[in-house]
Number of protein chains: 6
Amino acid sequence: MNNKVVTFGEIMLRLMPPNLKRIVQTDAFDVVYGGGEANVAVSLANYGIDTYFITKVPKNAVGQSAINHLRRYGVKTDYIIRGGDRIGIYFLEMGASQRPSSVIYDRAHSAIAKAEMNDFNWEEIFKNDGWFHFTGITPAISDMAAAITLEACKIAKKLGLTISADLNYRKKLWSTEKAGKVMSELMQYVDIAIGNEEDAEKVFGIKAVNTDVNKGALDLSEYKEVSKELVRRFGFKYVAITLRESLSASDNMWSGLLYDGTEYYFSKKYKIHIVDRVGGGDSFAAGIIYGLLSERLPRDVIEFAVAASCLKHTIPGDMNMVNVQEVEDLIKSGGSGRVKR
Amino acid sequence: MNNKVVTFGEIMLRLMPPNLKRIVQTDAFDVVYGGGEANVAVSLANYGIDTYFITKVPKNAVGQSAINHLRRYGVKTDYIIRGGDRIGIYFLEMGASQRPSSVIYDRAHSAIAKAEMNDFNWEEIFKNDGWFHFTGITPAISDMAAAITLEACKIAKKLGLTISADLNYRKKLWSTEKAGKVMSELMQYVDIAIGNEEDAEKVFGIKAVNTDVNKGALDLSEYKEVSKELVRRFGFKYVAITLRESLSASDNMWSGLLYDGTEYYFSKKYKIHIVDRVGGGDSFAAGIIYGLLSERLPRDVIEFAVAASCLKHTIPGDMNMVNVQEVEDLIKSGGSGRVKR
Amino acid sequence: MNNKVVTFGEIMLRLMPPNLKRIVQTDAFDVVYGGGEANVAVSLANYGIDTYFITKVPKNAVGQSAINHLRRYGVKTDYIIRGGDRIGIYFLEMGASQRPSSVIYDRAHSAIAKAEMNDFNWEEIFKNDGWFHFTGITPAISDMAAAITLEACKIAKKLGLTISADLNYRKKLWSTEKAGKVMSELMQYVDIAIGNEEDAEKVFGIKAVNTDVNKGALDLSEYKEVSKELVRRFGFKYVAITLRESLSASDNMWSGLLYDGTEYYFSKKYKIHIVDRVGGGDSFAAGIIYGLLSERLPRDVIEFAVAASCLKHTIPGDMNMVNVQEVEDLIKSGGSGRVKR
Amino acid sequence: MNNKVVTFGEIMLRLMPPNLKRIVQTDAFDVVYGGGEANVAVSLANYGIDTYFITKVPKNAVGQSAINHLRRYGVKTDYIIRGGDRIGIYFLEMGASQRPSSVIYDRAHSAIAKAEMNDFNWEEIFKNDGWFHFTGITPAISDMAAAITLEACKIAKKLGLTISADLNYRKKLWSTEKAGKVMSELMQYVDIAIGNEEDAEKVFGIKAVNTDVNKGALDLSEYKEVSKELVRRFGFKYVAITLRESLSASDNMWSGLLYDGTEYYFSKKYKIHIVDRVGGGDSFAAGIIYGLLSERLPRDVIEFAVAASCLKHTIPGDMNMVNVQEVEDLIKSGGSGRVKR
Amino acid sequence: MNNKVVTFGEIMLRLMPPNLKRIVQTDAFDVVYGGGEANVAVSLANYGIDTYFITKVPKNAVGQSAINHLRRYGVKTDYIIRGGDRIGIYFLEMGASQRPSSVIYDRAHSAIAKAEMNDFNWEEIFKNDGWFHFTGITPAISDMAAAITLEACKIAKKLGLTISADLNYRKKLWSTEKAGKVMSELMQYVDIAIGNEEDAEKVFGIKAVNTDVNKGALDLSEYKEVSKELVRRFGFKYVAITLRESLSASDNMWSGLLYDGTEYYFSKKYKIHIVDRVGGGDSFAAGIIYGLLSERLPRDVIEFAVAASCLKHTIPGDMNMVNVQEVEDLIKSGGSGRVKR
Amino acid sequence: MNNKVVTFGEIMLRLMPPNLKRIVQTDAFDVVYGGGEANVAVSLANYGIDTYFITKVPKNAVGQSAINHLRRYGVKTDYIIRGGDRIGIYFLEMGASQRPSSVIYDRAHSAIAKAEMNDFNWEEIFKNDGWFHFTGITPAISDMAAAITLEACKIAKKLGLTISADLNYRKKLWSTEKAGKVMSELMQYVDIAIGNEEDAEKVFGIKAVNTDVNKGALDLSEYKEVSKELVRRFGFKYVAITLRESLSASDNMWSGLLYDGTEYYFSKKYKIHIVDRVGGGDSFAAGIIYGLLSERLPRDVIEFAVAASCLKHTIPGDMNMVNVQEVEDLIKSGGSGRVKR
C-alpha cells in the first residue's frame, strides 16, 4: 500500500456566530469550510499523507474559497470538478454547558448533490492505488451521489485500494431504512468501518442495548458486541468506534474502541473541555487511517486516533490542525497541558 | 389616503467580507438582511410610516433573524408567513475605485420563491387601505411569485390602495423578454413607476438613446423622453428615475427625475463618496413614496428622495437609517458635512 | 387571565470589554441593552407572550437603540416615553474563575429616574387586563420611580391584573432600611414574589440563618422557612426563589424553589459552566411567569423556570434567547449537550 | 520660558460605532478617551514637551482608563484628582460624504463638572513656571469649572506663565451670551488666542461678514479683520485661526492664519481625505504652542500647526499621534504620500 | 516557451494595525504574508499559470503559515526549503491622505538571508524550462542571497528559460553603489527588465531628469529615454516601467510604459482611490509576464499589466486577487464600477 | 527600605491568534507587550509601588509601543534606553484542555540582547536605594546581558538595595550547565529567591525527587527540602516557590510555599479555570515583593502572592491587572465569584 489517500464527499461553507452568540444575536459569522470527508483529508495532509479530496463546487468565489481552504492545508484539489449552482451551507451555533450546539443545514441543491456520474473519472483518480475513504453522508446527499459512491467503491476495489467508511448517520438527510439499504450494499467493498456510539444502531439496527447516548455514561463493554456483529455481517478487517460520553456541551469524556476481528482495544479516556467538537469523529477516522497506513500496532492505532481527535476538540473549525508529533506528545504526556516553550 | 404602506417581496441574508476583502480572502462575513421591498419598508418605518413587510421565511433561527432585523427597525411583521426550506442568500464583495462591487446570488429554492397563492390573505393585509409597493424582483423570483404579485395588485386596486412599483430589472433572474411580458401586465395596476437609468430599457425596451450607463456621464435630458414614454404606455401618475453617473466604485454622481405627466423635475446632483451603495435605489423609492404620502410638491418630492438616497450611500448595509429631519438637513445644508455637536 | 404581560423599569446601555478583558485593557466595548424588567419582557416575548415594556428613554440615537433592541426580540414598545437627558449605563467586566464579574453603574440622572407621574397612563397601558411585573430595582431608582410603581400597582390591582415582583435588592441604589419600607408597601399588591437566595434577608430581614451565600453550598431546606415567612407576612400566592451556589465566577450550581403556600417544590440542580450570568434571575422570573400563565403544575413551573434560567447562563447578553421548546428539551434531556443536527 | 505645559479640562470616554455604522446599527463601540485640553496635552507630549493634564475623574476602572490613556502617550497625570461619580461620555457617529459626523453628549454631572475650587492646588501645579492652556469648553462645563479656570489664570499670570486659550465654542454647553461674558473676563489673562472659523463670532460676535461656514469656500481675507479685532479688544500677542472649508464629511480644505499683531501669515492649504476629524482644532492649538515654545518664526509656526493638524485628520481617535519629524516631513514633501520604507 | 514560472525571494510576515490605526494605537495586527516575488507568484497562479515560489522558511508554525498562504492561492511550494531561525517580518502602517504609509522592516537574520548555496537544486527546479523571475530585493538581502540569485540566473539561462527582473530598489537593504554593481552583473542574464519611476536612477543612475517623484506629476516622455538607455546598456528585449503619480497616500494616478526596443507603448492612466498599495509593482510585473506568456501584442501587454495592478490597489494585502477575466473587464469598462449582479 | 522597585530585563512583542486559533488558522494577532521583569513591574505599579523598568528597545514605533504599554499601566520608563535593531517577539498559541499552549520565540538579536555595559548607569538608576529584581531570563539572553546583570547586582548590593531573583529557567535560551554557572554567581547578591516547581532542579540540580511535574499532582512536602537546600547553598533570606499542578491546559491547581529559613508556609490551593496563564509566575513574584515591602507576616505574604497570581490566570495578557484590594478580596472570599455590583 502506498501513501496516497482519496476522500470523496461534500465540502460546505460553515457559518458560525462568534463568541458563543446565538444566530438571532449576531451581526457576523465566522467562516470556515468543512465536511466529513474534507475534514479527514486535511487531517491526513497534516500528517504528511498525499491526500486528494474529490467533490464538485460551483465556479464562483465561494466555490473557489472552499478549494483554497483545502489547498491551504495541503490537500490536493486537482480532481475537484467545478460547476453546479451552489455550495452547501450549514449554520452552527456553538453550544455551552446545558445549551447544545445546534446546526441548521442549507445544503440541498448543492453542486455535489446534483453531480453526475461522468463528472468523475475514478480510474484516473485512483491510479497508482492507495486508500479510498468516504462517509455515510455522501450517499445520503442524493441518489446520484449514492450511485457515484458505489461506482467509486467498485473501481477502487478493482484497482486494489483499501477502502474505509465512516457510517456517519445524518437523520436530516435520509431515513434509517434507506440508510440501511444503501449502506449495506456499499459495505461489501469496505475494509475498515468507523462509527460513533450510535451509528451502527441507526444504520444497521445493531444496538448497544443498555446504553442511552443522551445520558452521560456509556456501557463500553456493549460496544464489543456491536463491533463483533458488524464484522460478522460485513467481514470488515477493522471496526473502530468513538465512545463519546457527553456530560454537557462544554465537557465530554472521549475514548475509542478498535476491533481487529480478534481483539478489542479500548483507548485511554480523556475528559475534554470543548472548544469545537464539530469534526471530532472525522479526526478520529483520520487517526485510524493514519495509524493503519503507518503500520502501527492496533493498540497504538486506537491510542493515536483517540488522542488526535481529543486534540481536535480543542481547535476551532471543523478540521484537525495537528501533526503527528503533537498527537504523540499527548499520548506521552497524558494531557497535563504545560506550556511548550 | 392613510399612512399605511405594505411592501411585498424577498428578504435575503447578506454576507459580506469585512474591510473590502475579497471572498477568497475572508474568514468572516458581516451579516445584514435586505431586499428591495424590505429596504423600502425600513426606510418608511424610519420616517414614521406604519409599514408592513410581507414575505415567507423558514421556521428556523435564520428566518427569525430576518424578521428580527425588520422589527428592530420598526417594520411590522405580523403577516410574514413562516415555512419553506431556506432563506435566499447573497454574497456581496464591496468594491472600491476601479474594482466593482460583485454579487453572488444563492437565492433559488427560497421560501418566498416556493410560496403558494393561499399563503397570503391580501384582503386582510390590505384592510383599511393605504399604499402597496413591490419591485420587479418579486415577480422574477418564480412564476408563482409573479402570480401572487398580480393577485395582490388586483386586490389592492379593488380596495383602493395606491400602488407603486420599482422596475428593478435583475438579469440573473429572468430575461428581458419575460420581464417585459410579466411587468407589462402588472403595470396596469400601478400608479407610480420608479426605475434606474437602465430599467426602462431592459424591461420595456424604452432606451435613452445616446447614453451608455457604463460610462460616467449621462445625457439627463434623454430621460425626459423615457419617462414620457412610460406614462404614455402605462398611464402612470408619476414616473421617478434615479440618474447614477458611476465615476468609479468609490465615487458616483447621484440625482433624480420626477415626471408628473406634465412637468419634469430634476433634483440637485450630489457627488457621493460611497460607503455602501446597495439599496440606493430602494431608499430613493421610499423617498418618493414618503414625499407623495406627505403631500409635498413634486419638486420637493424629488429633492427628498434624492437626498435620502444620497445619505443611504454613506450607511453600511442595505437599508437607509435616516429620519425625515436628517434628510431635510441635507437638503438645506447641501452636504458640507460639518460635525453635529 | 389573558396572555398579555406588562413590565416596567429601566433599560440600560451595557458596555462590556470583549474576551474577558478588564476595562483598563480594552479598546472596545460590546454593546447590548438590558435591565431587570426589560430582560423579563424579552424572555416572555420569546415564549410567544404578548409583552409590553414600559420605560422612558431620551430622544436620541442611544435611546432609539434601546427601543430597537426590545423590538428586535419582539417586545412591544408602544408605550415607551421619549424624553429626559440620558439613558442609564452600566459597565460590566465579565469575571472568570476566581475573578468575580464586576459592575460599574453610571445610571444616575437617567430619563426613567427623572420620569414624572403623568408620563405614564396606566389605565391605558393596563387595558384588557393581563399581568404586571416589576422588580425591586425600579422603586430604588428614585423616589418618583417608587411613587410611579406604587401607582401602577394600585391601578393594576384595580383592573384585575396579576402582579409579580422580583425583590432584586441592589445595595448601590438604596439602603436595606429604605428598601424594606418601600417594598413592604408595594408587596400589598403583589401576588407572586420572586427573589434570589439573599433578597429576602436584604429587603425584609428574613434570613436563611445558617447560610453564607459567599460560600459555595447553601442549606436549601432553610429556604422553606424564608418562603413561608414571606407568605405569612405578605400573603403571596406564590414565592419563587433561585438558589445559586457559586463555586467560582465560571462554575455555579443552580436550582430553585417554588412555594405555593402549601407545598415546597425544589427543582433539579444544574452545574453550569457560565458564559454570561447577568440576567439569570430575570430569566427565572420570566420562567415562573410563563409557567403560571400557561397553567402548568407547580412542579413543572419551577422546573421550567430553572431550566430556562440555566440556559440563560450560556447565552451572551442580559437577555434569555430561548423558546419554549428549547427549555422543554433541556428538562427532558438533562443537559447532555449532544449536537442538534 | 521653560518646556513645561499644563492643560486643564475634561477628558471624556468616547464611544464610536466601528466601520462608519450608525449607533442604531452597532453592537460594539470603539473606545478612546479625549477632550480638547487632553488632546493638546498628548500632542505636546508626542513632541517631547513635558506636559501635565489637570482634571478630576472618578475612582473606578473607567476613570483609571482615562488616566492610563494619557500616561500611555506620555502625559503626566500626577495632579489629576480622583473622585466624583462619573466620567463624561460622548457618542460619536463618524460621518461620510454628505452624512455629517454626529455627536451625542452625555457629560453632565461628570467629576470635573462637579469639581470644587480647592480640589486643585494651582501654586503647586504651576511651580517652575511654563505654559498654561485651556479651552472655552472648560469654563462652559459648570459655573464652578469657570471659577476654577479663572483662578488658574490668575495664579498662572502671577507666576509668569504664558497662557493660551482655544475659544472652542460649544453651543450645547452654554449660550453665546454667557460664553461672551465668561470668556471676556478670562481673556484678560490670555497671551495667545486660538479659534476656528466661527468661534470669534459665536463667543464675541466678531464675524467674518461674507462667509457662511456651512458652505465650502471661505473668504480667507476676512479673517484678517477677525484676528485684528481680537487683538484690539483683548491685546493678545498672537491670534491663530483654523480655516476649514468643508466640502463634505469626507473631504475638507484645511489651512490656518497666524497674526502676531503686525503681520498676517496664511499657511499652505491642504485637501484632506478625512479619517477622523475630531480633535483637528486641538492638534492645531498644540502645533501653535509647540511652534512658539520652540521659537520658530511666525511663518514656520503656522505651517507647523497646520501640517500637524492636517495629519491629525488622518489618524483615528481624538488625539494626534505624530512626532516633530513627521510634521516637518509633511511640510517638506507637500503630502505626496509615497510609502516610507 | 511553456506555461511554468519560477520566482525566487523572501516571503515575510506582514503585521498591520487595522482601521488605519498607527502602531502605537493598536492592540491587534492584521496578518498576511507577502514579498515581491511571492506576490508575483500568486498573481500568476490566479491567472492559471503553473507557478513555483522558491525560498527558505523556518520549520515552525509561522513558516508553515507562509507556505499555507501561498498554497491557498495556488502557488506550488514543493521546492521551498525548511530551516533557519526566523521569518522576516515587516510592520506596515497604512497611510491616508497626507500621512504616508510607513514600513518598519524586521527582516535581518531570516532563513532566506542565511540560506546557503546548496539549499537549492536549480537544475531540478528549472527542469522542463519555463520562466524565471526575481527582483532586486533578493540579491540585496545578503551576499549569499546575491550569489544564489546569480547561480540561478546562470542555470536558468543555460536551460533556456526566459528571465525577468524587477529592479525594486530598497534603500534600507543596500546602497545605490552596491545595488548598481550586483545588479549590473545579474542584468546580463535578464530578458525583461521591470521597474518603477525611480528604480533605474537608484540602481543604475539613469535619471528622468526633469522629474521629482515626490511631486504629483511625472514628465512621462522622459521615461522613453530611461527605457532606451536600459536597453542600450543591457540589451533587454523589453523594458516595462510603472508611472505612479502620487497625489496623496489615498489617491494616485497610475499608468505604465512598455518598450520593446522599437516602440514605446504608454497605457491608459487610472486615478485610483487606494485601499492597499503594497504590492502594486509586483502585480504590474505579473501582468507583464502574463501578457508576454500569453503572447499578447505589446500594446495589450501594457494595458493588461496596468489594469491588473490598478485593481491590486483596491485589494487588501500584498497580493493581487484577480483573474484574467476581471482584468479584461476593467480594460473594457474603463472602471465605472457598476455593481456586478 | 523605601517603596521603589527597579526591574531589569527584556520586554517583547507578544503575538497571539485570537479565539484559541492555531497560528496556521489566524489572519490576525492580538498584541500585548510582556516579559518576566516587565510583568513584575506592572504588577507592582498596580499595587501603588514606585516602579522602574530598565531595558533597551529600538527607536521605532514598535519600541515606542512597548514603552507606552508600560507607561499606560504606571511603570516609570525614564531609564529605558532607545537603540538597537529590533524588539524581541514571541508568538503564543493559547492552549485548551489537552492542547498545551505553545510559544515560538523570535527574540534573538534584540536591542536588549545586544545592549552594552555602558548603556546603563546603575548608580543613577539605583539612587535613593529600594529594591532590585531580575529573573533568570535576563542573563540568559546574551553574555553581555549576563555581565550587565552582574554589574547591576554588585552596584545594587553596594548601595544597599534588597535584591530578588526569579530563577525562571528557559531551556531555549541556555543549557542547564550554563544556567547553573551564571546564576550561581549572581545568587551571591540575592536576598530573595523565587522559582517554580522545576526551576531549582533545572538551574541548580536541586530536585523534588518523587515528583514529575508533567503529571497533575505534586508531592508538596518535597519542596520543603528544595527550599531548604537553596537557603543552605546561597544564604537567601526567603525562598518562594509556586506549586502548579497542571490538570490540563484549561485547569490547574495553584498554590505556593514561602520559606524564611525557619518555617515553611504553604498557601491555600486554588483550582483555576485558566484564561491566560502566561505571566503567572511573574505575578507571584510581584506578590512576594509587595508582601515583603508592605511588611506583612510570612503567612500573609504567601497568601497574597498566591491569590494575586491566581487572579492573573483569569486576565488576558502577560500582566496582572489587579490592585491590592482585589487580591485581599479574593483571600477573604475564597473565590466564590459572586458579581460585584
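Analyst: In chain D, helix 5 passes helix 6 in a right-handed crossing. A crossing is right-handed if the near helix is turned clockwise from the far one by less than a right angle, and left-handed if anticlockwise. This is a predicted model, where local features need pLDDT of at least 70, side-chain atom pairs count only at pLDDT 80 or more, and totals for chains, interfaces and linings use all residues. Residues are numbered from 1 along each chain as its sequence is written, while chains are lettered from A and ligands numbered from 1 in the order in which they are written. Helices (H or I, at least four residues) and strands (E, at least two) are DSSP runs, numbered from the N terminus.

Two packed helices are described by the angle between their axes and the distance between the axes. Here helix 5 (residues 143-158) and helix 6 (residues 176-187) of chain D pack at about 15 degrees, with axes 10 Å apart. Helix 5 of chain D is therefore roughly parallel to helix 6 of chain D, a label for angles under 35 degrees; over 145 is roughly antiparallel, 65 to 115 roughly perpendicular and the rest oblique. Axes are lines fitted to C-alpha atoms, for helices over the stretch in contact, and angles run from 0 to 180 degrees between N-to-C directions.

Who meets whom? From helix 5 of chain D come Ala146(D), Thr149(D), Leu150(D) and Cys153(D), and they meet Val182(D), Glu185(D) and Leu186(D) of helix 6 of chain D. Contact requires C-beta atoms, placed from the backbone, within 7 Å. The residues of this helix contact divide into five nonpolar, one polar and one charged. Nonpolar covers Ala, Val, Leu, Ile, Met, Phe, Trp, Tyr, Cys and Pro; charged covers Asp, Glu, Lys and Arg; the others, Gly among them, are polar.

Eight strands form an open sheet in the order 8(A)-7(A)-2(A)-3(A)-3(B)-2(B)-7(B)-8(B), with mixed pairing. Two strands pair if DSSP finds at least two bridges between them. Strand 8 (102-106) of chain A and strand 8 (102-106) of chain B are the edge strands, each pairing on one side only. On average, neighbouring strands are turned by 30 degrees against each other, direction ignored. Strand 2 (residues 12-16) and strand 3 (residues 28-34) of chain A run antiparallel, joined by five bridges. Within chain A, Arg14(A) stands opposite Val32(A) in strand 3.

Notes: Two residues are in contact if their C-beta atoms, placed from the backbone, lie within 7 Å.
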